[in-house]
Amino acid sequence: MSQIHSTKNKQVAPLSFAAVTETVHTRIQVSFNYPVSFTRDALNLRNMTLANLFPRTLPSSPQIMPVIDSEVLHHHADLPHKLQAYAERHGFNLLSHEVVRGGEICKQEPEAMLEALYRRIADEQVDRHSYLLVIGGGAVLDAVGYAAATAHRGIRLIRMPTTTLAQNDAGIGVKNAINHQQRKNYLGTFAPPFAVINDFDFLDTQSERDKRAGIAEAVKVALLKDSDFFNYLLAHRKSLTDFHHEAALTMIKRCASLHLAHIAGSGDPFEMGSARPLDFGHWSAHKLEALSGHRLRHGEAVAIGIALDSLYAWQTGRLSKQQCADILICLEGAGFQLCCDELEAMNMQDALNEFREHLGGNLCITLLSGIGAASEVSDIDAQLMQRCAQWLIQGHLPHIKLKLDATYGQ
Ligand SMILES: NC(=O)c1ccc[n+]([C@@H]2O[C@H](COP(=O)([O-])OP(=O)(O)OC[C@H]3O[C@@H](n4cnc5c(N)ncnc54)[C@H](O)[C@@H]3O)[C@@H](O)[C@H]2O)c1
Ligand SMILES: [Zn+2]
């Protein structure tokens, strides 16, 4: 509808923008395709997993710059030598490796690491046809992934994850990040890797805590998507906590496959919508990690987050008591502590408000609606959530305990 706006002395008809606006709609479709391999002894000269990533028809040798987690290097001191021998055998142009301080510190204080990497990339003329080969835990993969995605607007990245959690979750997907101003994962990009090679032989040198931490992500994705897998984890919880190889390998492969199927098949690989089902149990976990100053491992915090949201799902009629009990038994049986000081310090109303702000104003939390099924919830009763936290803090879980006694004779 057109209106006349009057100024002091004259009348001015506004421009009809409908008449002057021309819009060109652009549709860009890009598909990504990358292999995630499971192997052992990846740098054995006869193991072709890495070598086969590069077509024989390349006009020149692939240029590769390795970046290694300091703790991985500490425990696998022969890694540079093995990389060199592998490169010579398979005709790579291998640059000398960079070392990045392992653990959350590389995301928390990334400035020096980024500066060193960007400088090396420029000095060595690592370009968009070269490769960074990052070997490390989820934190180093995230931080180096961020550097790779931003230098030259994206250098090809090959990931070799070296922790349970990195092999079954953090290292196989499409995200990277560093922390900024105390905000976890505040700076980051969506950047699918060129390839991922999960070498099981790295895992033995992890700490007991890190061997275990990744199990939480497997419980998470099983609860969301695959009740058979959850039953497997429940039945093998003791083998998993002792890191028996067969159970651990089965757990890692299935967990990684479910994550990948979700990323590729959910229709929202770059998380444009509010719903983030793979972040089940994470709204409180991220807060707990931050409150603990990253004393808690990511997986340890996720285990508590899953327990909390499962109790809430039971209390709101979404899960049966039996199902809730099974989840707690699985997590505790796998060796997780389902309480920590930070949970006591957490005000649920404040934490939910903070999470709502993080999502841009609308709360959207994934809750279980059965084992292997979930739905998004936009309304959470903060008082009830606080009560669920209280049960975890007190540790005696009165209602659940009855069921444990009856079902498992504990
Ligand atoms: N990008 C994603 O999609 C995604 C998903 C989940 C988690 N994450 C991130 O992953 C990080 C957690 O990763 P994590 O659980 O692997 O922990 P981590 O990377 O902090 O590693 C734990 C410790 O183990 C050391 N380490 C790694 N591999 C080792 C080995 N083979 N032997 C001995 N020591 C080894 C590391 O140096 C570190 O000190 C968090 O920052 C989390 O936010 C990212
Ligand atoms: Zn996680």
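In this predicted model, the buried residues of helix α5 are covered by a set of elements that includes β4, β6, α4 (105-108), β7, α6 (138-150) and β9 (178-180). Here's a quick look at α5 itself, and then at β4, one of the elements in that cover.

**Helix α5**
- The helix takes in residues 111-123, 13 residues in total, and spans 18 Å from first C-alpha to last, close to the 18 Å expected at 1.5 Å a residue.
- Its buried residues are Met 113, Leu 114, Leu 117, Arg 120 and Ile 121.
- Look down the axis of α5 and the buried residues sit within an arc of 135 degrees, so they line one face of the helix.
- Just past the end of α5, Gln 125 has a positive phi of about 55 degrees.

**Strand β4: burial**
- β4 covers residues 63-69, and seven of its seven residues are buried.

**Strand β4: partners**
- With β7 (residues 131-136), β4 runs parallel and is joined by five bridges; Val 67 has Val 134 as its bridge partner there.
- β6 (residues 98-100) is also parallel to β4, with three bridges between them, and Asp 69 partners Val 100.
- β5 (residues 93-94) pairs with β4 in the parallel sense over two bridges, with Gln 63 opposite Asn 93.

Methods:
Residues numbered from 1 in each chain as written. Chains lettered and ligands numbered in written order. Predicted model: local features only at pLDDT ≥ 70, side-chain atom pairs only at ≥ 80, totals over all residues. Heavy atoms only, no water. Buried < 20%, exposed > 50% of the residue type's maximum accessible area, 1.4 Å probe, protein only. Helix = DSSP H or I, 4+ residues; strand = E, 2+ residues; numbered from the N terminus. Pairing = 2+ DSSP bridges. Expected span 1.5 Å × (residues − 1). Arc of directions from axis to C-beta. Contact = heavy atoms within 4.5 Å.
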